[in-house]
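Biologist: I would like to learn how to read side-chain pairs and helix faces from a set of coordinates. Please take one feature at a time, the general idea before the case.

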Amino acid sequence: MSKLINMRGIEIKKFRAVSSGSKTLNEIFGNNGFSKWLNEHRHLLKDHMYEPAEFLWHEGAKETWGHGQNIFISAIKDEVTEADVAPYNIFEFPGGLFLVATGDEKDSADLNETINCMMGWIKNNDIFEYGDFPKSGMCNMPNPDGAFDIALGIAQQQIYLPLKLRKK
């Protein structure tokens with residue numbers, strides 16, 4: 001199986017990002033969380049046209065998703081220093097190959113179906129296997145609260161599963 005049906009394969013280049021560090025979702029997205037800090041420091045972040053240069057991933061076993069520790073990163077401009085991002089840290093995202101598909105964050109059945117389809121593709125192709133980083137995969141929201149999502153009553157979540165070439 002090599003066709004990408006309702007998915008895409010991408011390569012993300014290495015980049016520098018500000019990192020939330022390992023935190024709960026509330027510590028990242030709550031009232032005084034990392035996302036609030038990001039909104040107050042947009043001048044440090046790299047601009048994008050439509051794909052956000054930011055990712056969220058879970059640290060730990062699948063059974064603790066949504067309850068355990070997570071890391072959120074957002075790409076920063078080249079001149080940004082550790083002092084600029086304090087109390088957070090600069091993280092070197094290593095880049096890599098990813099299988100990407102979109103599901104509705106508001107619909108857990110849709111998200112599970114999307115991930116199962118992606119995992120099936122990875123299992124049944126003869127070129128790639130599941131990658132090493134981040135082990136849980138990662139996600140982002142292409143247009144949080146944007147006109148498209150509001151009109152459809154959905155919340156698009158892009159899911160990125162790491163890939164690596166199969167050993168021959």
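Modeller: Start with aromatic pairs: rings of Phe, Tyr and Trp count as a pair if their centres lie within 6.5 Å, and planes under 30 degrees apart are stacked, over 60 edge-to-face and the rest tilted. Keep in mind that this is a predicted model.

Biologist: How many aromatic pairs does the structure hold?

Modeller: There are 17 aromatic pairs. Take phenylalanine 93 and phenylalanine 133 as a worked case: their ring centres are 5.9 Å apart and their planes meet at 55°, so this pair is tilted.

Biologist: Where in the chain do phenylalanine 93 and phenylalanine 133 lie?

Modeller: Phenylalanine 93 belongs to strand 5 (residues 89-93), while phenylalanine 133 is in the loop between strand 7 (128-130) and strand 8 (138-140); the pair therefore ties together parts that are 40 residues apart in sequence. As for accessibility, phenylalanine 93 counts as buried because its relative accessibility is 0%. Phenylalanine 133 has 31% relative accessibility and so counts as partly exposed.

Biologist: What geometry does the pair of phenylalanine 98 and tyrosine 160 show?

Modeller: That pair is edge-to-face, with 6.3 Å from centre to centre and 80° between the planes. It also links distant parts of the chain, since phenylalanine 98 is in strand 6 (residues 96-104) and tyrosine 160 in strand 9 (residues 156-165), 62 residues apart. Both phenylalanine 98 and tyrosine 160 are buried.

Biologist: Which residues form the aromatic cluster?

Modeller: One cluster is made up of Phe15, Phe55, Trp57, Phe91, Phe93, Phe98, Phe133 and Tyr160.

Biologist: Next, charges. What is the general idea, and how many salt bridges does the structure hold?

Modeller: Side chains of opposite charge can pair when their charged atoms come close. Here there are four salt bridges. One of them joins glutamate 11 to lysine 13, with the closest N and O atoms 3.8 Å apart. Glutamate 11 and lysine 13 are both exposed.

Biologist: Which salt bridge does glutamate 40 form?

Modeller: Glutamate 40 pairs with lysine 36, and the closest N and O atoms are 3.3 Å apart. Both residues lie in helix 2 (residues 34-40), where their spacing of four residues is about one turn of the helix. Glutamate 40 is partly exposed at 48% relative accessibility, and lysine 36 is partly exposed at 34%.

Biologist: And which parts of the chain does the salt bridge of lysine 46 and aspartate 78 link?

Modeller: The side chains of lysine 46 and aspartate 78 meet at 3.7 Å, N to O. Lysine 46 sits in the loop between helix 2 and strand 3 (54-59), and aspartate 78 in the loop between strand 4 (69-75) and helix 3 (82-85), so the bridge links distant parts of the chain, 32 residues apart. Lysine 46 is partly exposed, at 40%, whereas aspartate 78 is exposed, at 60%.

Biologist: What about cysteines: how many disulfides does the structure hold?

Modeller: The structure has zero disulfides. A disulfide needs two cysteine sulfur atoms within 2.5 Å. The closest cysteine sulfur to that of cysteine 117 belongs to cysteine 139 and is 18 Å away, which is too far for a bond. Cysteine 117 is partly exposed at 43% relative accessibility, and cysteine 139 is buried at 15%.

Biologist: Now a helix. Which residues of helix 4 are buried?

Modeller: First the span: helix 4 (residues 108-124) has 17 residues and reaches 24 Å from its first C-alpha to its last, close to the 24 Å expected at 1.5 Å a residue. Its buried residues include Leu111, Thr114, Ile115, Met118, Trp121 and Ile122. They cover an arc of only 120° around the axis, so they are on the same side of helix 4.

Biologist: What covers the buried residues, and which exposed residues does the face turned away carry?

Modeller: The cover includes strand 6, strand 7 and strand 9. The face turned away from the buried side carries the exposed residues Glu113, Asn116 and Lys123.

Biologist: Last, where does lysine 106 lie?

Modeller: Lysine 106 is in the loop between strand 6 and helix 4. With a relative accessible area of 60%, lysine 106 is exposed. Leaving aside residues up to four places away in sequence, lysine 106 touches Gly153, Ile154 and Ala155.

Technical notes. Residues numbered from 1 in each chain as written. Predicted model: local features only at pLDDT ≥ 70, side-chain atom pairs only at ≥ 80, totals over all residues. Heavy atoms only, no water. Phe/Tyr/Trp six-rings, centres within 6.5 Å; stacked < 30°, edge-to-face > 60°. Helix = DSSP H or I, 4+ residues; strand = E, 2+ residues; numbered from the N terminus. Buried < 20%, exposed > 50% of the residue type's maximum accessible area, 1.4 Å probe, protein only. Expected span 1.5 Å × (residues − 1). Arc of directions from axis to C-beta. Contact = heavy atoms within 4.5 Å.
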